[in-house]
Amino acid sequence: MPTAATARHDDAVIRAAREVFAELGMAAPMSEVAKRAGVGVASIYRRYPSKTELVEQVRIAAFRLVIAEAEAARAEESDPWRALSRFMHRCLREGSGIGTVLPQLAEQHAFSAEFRNLQQQVAEVIEALVEDAKLAGELRADIDWTDVLLLFKHLNPALPTSESRRAELRARYLGLVLEGLRSEGSALRGPAPDTAEWRALCDNRAS
């Protein structure tokens with residue numbers, strides 16, 4: 001059972017790693033992650049023996065947050081549209097890290113069972129939110145749950161400004177996007193990603 005101190009250490013390292021790898025790619029030194037996290041380099045290597053393992057853990061942390069926000073939205077919002085809107089706003093709030101574009105992992109990288117299990121849970125909880133909103137007649141019929149996940153990437157580009165300002169911009173443009181997700185509107189061009197395409201994009205392996 002991890003202690004409170006261990007949890008704080010891991011959270012600081014994950015946050016720092018997300019920033020560093022998004023900015024500098026896999027060439028970033030672990031010393032830079034340690035510097036931003038305020039911990040020693042050796043303590044990082046004891047927990048995460050390689051950069052690829054640390055990148056995977058950054059993504060696992062994002063999966064856990066997505067699942068928690070989706071479950072909370074469904075449990076606490078009786079209106080399906082409000083649940084979906086709340087979920088998307090919470091996922092793009094300041095400091096969440098969801099949608100951050102991380103460097104590609106090697107094609108031969110083998111994801112852990114934990115990663116695959118959480119990846120599947122993410123698909124299931126977001127599909128439930130989307131289907132609820134469709135059944136309520138609030139969400140357009142040609143939107144798939146995969147569209148929602150890819151929108152996080154489009155709404156969280158690496159802009160040269162502070163995270164607080166980026167969060168303001170994400171919220172602003174999410175408002176526009178949500179209006180476009182409403183049930184009325186002209187047909188979208190092209191098909192939504194299917195599950196296999198989404199999984200390949202989510203895996204983000206170098207080809």
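What is the volume of the second largest pocket? The second largest pocket has a volume of about 470 Å³. Of its 17 lining residues, those closest to the centre are Glu19, Ala22, Thr100, Glu163 and Arg166. A pocket here is an open set of points on a 1 Å grid over the protein atoms alone, where a 1.4 Å probe fits and protein lies on both sides within 12 Å along at least five of seven lines; lining residues have an atom within 4 Å of a point. A volume is the space filled by probe spheres set on the points, with grid points joined across faces, edges and corners.

The structure is a predicted model, in which local features need pLDDT of at least 70 and side-chain atom pairs count only at pLDDT 80 or more, while totals for chains, interfaces and linings use all residues. Residues are numbered from 1 along each chain as its sequence is written, and side-chain values use heavy atoms, with hydrogens and water left out.

Helix 1 and helix 8 (163-181) each supply at least two residues of the lining of the second largest pocket. The largest share, five residues, comes from helix 1. Helices are DSSP runs (H or I, at least four residues), as are strands (E, at least two), and they are numbered from the N terminus. By class, this lining has five nonpolar, five polar and seven charged residues. Ala, Val, Leu, Ile, Met, Phe, Trp, Tyr, Cys and Pro count as nonpolar, Asp, Glu, Lys and Arg as charged, and the others, Gly among them, as polar.

The largest pocket has a volume of about 980 Å³. It is lined by 40 residues, of which Val58, Arg59, Ile60, Ala62 and Phe63 are the closest to its centre. Helix 4 gives the most to this lining, with 10 residues. The lining comprises 22 nonpolar, seven polar and 11 charged residues.

Val58 is found in helix 4. Val58 has a relative accessible area of 4% and is therefore buried (buried means under 20%, exposed over 50%, partly exposed in between, with a 1.4 Å probe and protein chains only). Leaving out residues up to four places away in sequence, Val58 touches Ile14, Ala17, Arg18 and Leu102, where contact means heavy atoms within 4.5 Å. Val58 and Val13 are 45 residues apart along the chain, and their C-alpha atoms are separated by 9.0 Å.

In soluble globular proteins, nonpolar side chains tend to be buried together. The largest nonpolar core has 55 residues, and Val33, Leu54, Phe87, Met88, Ile126 and Phe152 touch the most other members. Such a core is a set of buried Ala, Val, Leu, Ile, Met, Phe, Trp, Tyr and Cys residues joined through side-chain atoms within 4.5 Å. Beyond its neighbours within four places in sequence, Met88 is in contact with Val148, Leu151, Phe152, Leu174, Leu178 and Leu181.

His89 lies in helix 5. His89 counts as partly exposed because its relative accessibility is 34%. Residues up to four places away in sequence aside, His89 touches Ala171, Leu174 and Leu178. The C-alpha atoms of His89 and Ala171 are 6.7 Å apart, although 82 residues separate the pair in sequence.

An unreviewed UniProt entry places the feature "domain: HTH tetR-type" at residues 7-66. This span is 82% helix and 0% strand. The annotation "DNA-binding region", also from an unreviewed UniProt entry, covers residues 29-48. UniProt positions are given in the numbering used here, feature names are shortened, and annotations may be inferred rather than shown by experiment.
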